[in-house]
Amino acid sequence: LKNNLPEHRDNRGKRHTLVWVIVGFVLATLVGRQKLSSVHRYICNRANWLYEITQTQKIKPISRAHLPRFLNGLDWPALNELIERCFGVEIHCNQSKKWIAIDGKALRGTLSAGDKQNIVLAVDHHTREVVAQARQSGDKSSEIPVVRELLKESGLEKQKMSLDAHHFNPITTAQIHQANGIYVTQVKENQVIFLKQCKSLYTQFTPLAETTSHEKTHGRMTTRRAQLFSLDSLSLDSRWQSSGLSVLIVMERETVEIAKQKTTFDTSYYVSNSSIESSSIQALTEELAGAIRCHWGVESNNWIRDVTFNEDRIKTKAGNQAQIMALLRGLAIELIRKTSSKNFQAAIENLSDSIANLESMLRQVKFL
């Protein structure tokens, strides 16, 4: 941060260093301070310690009025690049492909009308770590081109991607397929004709392979049955020719709420460009079923941000301020994740109860 984050502020009247305020904000987040006033109080109360660990000159702490303006003036792309370089998960294209989930997260606390802010997260299926992210701004902006640019710039288009139905369109799927990547994406009513074809295929043909799994969690017993079909028999529209569509996965879910003894059924349709080889059809079915199941990891990340870190209720006046706070909040989450903690609330309480634990953790993850 000291040596690589660009400084765009005018030197006139500049008092507080970027590193001191950014580190103070991240540490406040780590101990459960989420609202800006609470963050500011933490920075003031821990000012001497912050000066010590950041090795910066002692001056009067930043004011409550200036803190949001300070955050709003930070360079999001430069800060994001620095965080990814120092704390991100490196993906090598020459290694075996990893499954990555893509999803957007709305920042609902922005007050300015027409200034809607979202972040797009790419999350490793296995570790739940964020491997890349991008920001989406403006009332009329779409997540679709943001995801395409993120896939291209990060090189994730060469990996294995799980996507929502929102991203099932011929341009995005062709981009991944032509980069030798693999995708699995849900088919919904946004592609009405294709969904109708999938349903017809499901009812008229016998699956090439299937797999069943059972899971008991949160008072529910869920049985999932995944069936794999070839798409060779479908007459696809010419716009899908570059997408490499090859298989349909039909996921049947039966969920029993144990306490209420209430049973619900659901059937979803997914497609992929994975190649079918007769010797590994069963393994392919199990892999794609697992990828569909693990895609919820992105939603799990969003739940942590909303419930544990209270992201949706944090009010901000400016879009870039909201994006900077979300970026630093995400950094705090990833720092906790690097300690292999499974309970984020317990980790926050442990760090807030002991400054020694906090400093030890920061050195363990090489933040200090």
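Q: How much confidence does the protein chain carry?

A: Start with the kind of model: this one is predicted. Where pLDDT is low, the predicted coordinates should not be read in detail. Here the protein chain has a mean pLDDT of 90, and 95% of its residues reach 70 or more.

Q: Where is confidence lowest, and where is it highest?

A: The lowest mean, 84, belongs to helix 10 (residues 296–308), while helix 7 (residues 170–178) has the highest, at 97.

Q: Which residues lie nearest the centre of the largest pocket?

A: With a pocket, look at volume, then at the lining. The volume here is about 600 Å³. Of the 22 lining residues, Arg224, Arg253, Ile292, Arg293 and Trp296 lie nearest the centre. Several elements supply at least two lining residues each, among them strand 7 (220–230), strand 8 (247–257) and helix 9 (281–294).

Q: How do the residues of that pocket's lining divide into nonpolar, polar and charged?

A: The lining of the largest pocket has 7 nonpolar, 8 polar and 7 charged residues.

Q: How many cavities of 30 Å³ or more are there in the whole structure?

A: A cavity is a space from which the probe cannot get out, whereas a pocket is open. The search finds 2 such cavities.

Q: What lines the largest cavity?

A: There are 18 lining residues, and Val130, Gln133, Gly330, Leu331 and Glu334 lie nearest the centre. Helix 11 gives the largest share, 6 residues. By class, the lining of the largest cavity has 10 nonpolar, 4 polar and 4 charged residues.

Q: Which residues line the second largest cavity?

A: Its lining includes Leu107, Arg108, Glu311 and Arg329. Helix 11 again supplies the largest share, here 4 residues. The classes are 5 nonpolar, 3 polar and 3 charged.

Q: Back to Gln133: is this residue buried or exposed?

A: Compare the relative accessible area with the cut-off: buried means under 20%. Gln133 has 12%, so this residue is buried.

Q: Where does Gln133 lie, and what is it in contact with?

A: Gln133 lies in strand 3 (residues 130–137). A polar contact of 3.5 Å joins its side chain to that of Asn80. Beyond its neighbours within four places in sequence, Gln133 is in contact with residues including Trp76, Glu84, Leu150 and Leu327.

Methods
Residues are numbered from 1 along each chain as its sequence is written. This is a predicted model: local features need pLDDT of at least 70, side-chain atom pairs count only at pLDDT 80 or more; totals for chains, interfaces and linings use all residues. Side-chain values use heavy atoms; hydrogens and water are left out. pLDDT is the predictor's confidence in each residue, from 0 to 100. On a 1 Å grid over the protein atoms alone, a cavity is a set of points where a 1.4 Å probe fits but cannot get out, and a pocket is an open set with protein on both sides within 12 Å along at least five of seven lines; lining residues have an atom within 4 Å of a point. Grid points are joined across faces, edges and corners, and a volume is the space filled by probe spheres set on the points. Ala, Val, Leu, Ile, Met, Phe, Trp, Tyr, Cys and Pro count as nonpolar, Asp, Glu, Lys and Arg as charged, and the others, Gly among them, as polar. Buried means under 20% relative accessible area, exposed over 50%, partly exposed in between (1.4 Å probe, protein chains only). A polar contact is a pair of N or O atoms within 3.5 Å; within protein, one must be able to donate a hydrogen and the other to accept it, and residues adjacent in sequence count only if both atoms are side-chain atoms. Contact means heavy atoms within 4.5 Å.
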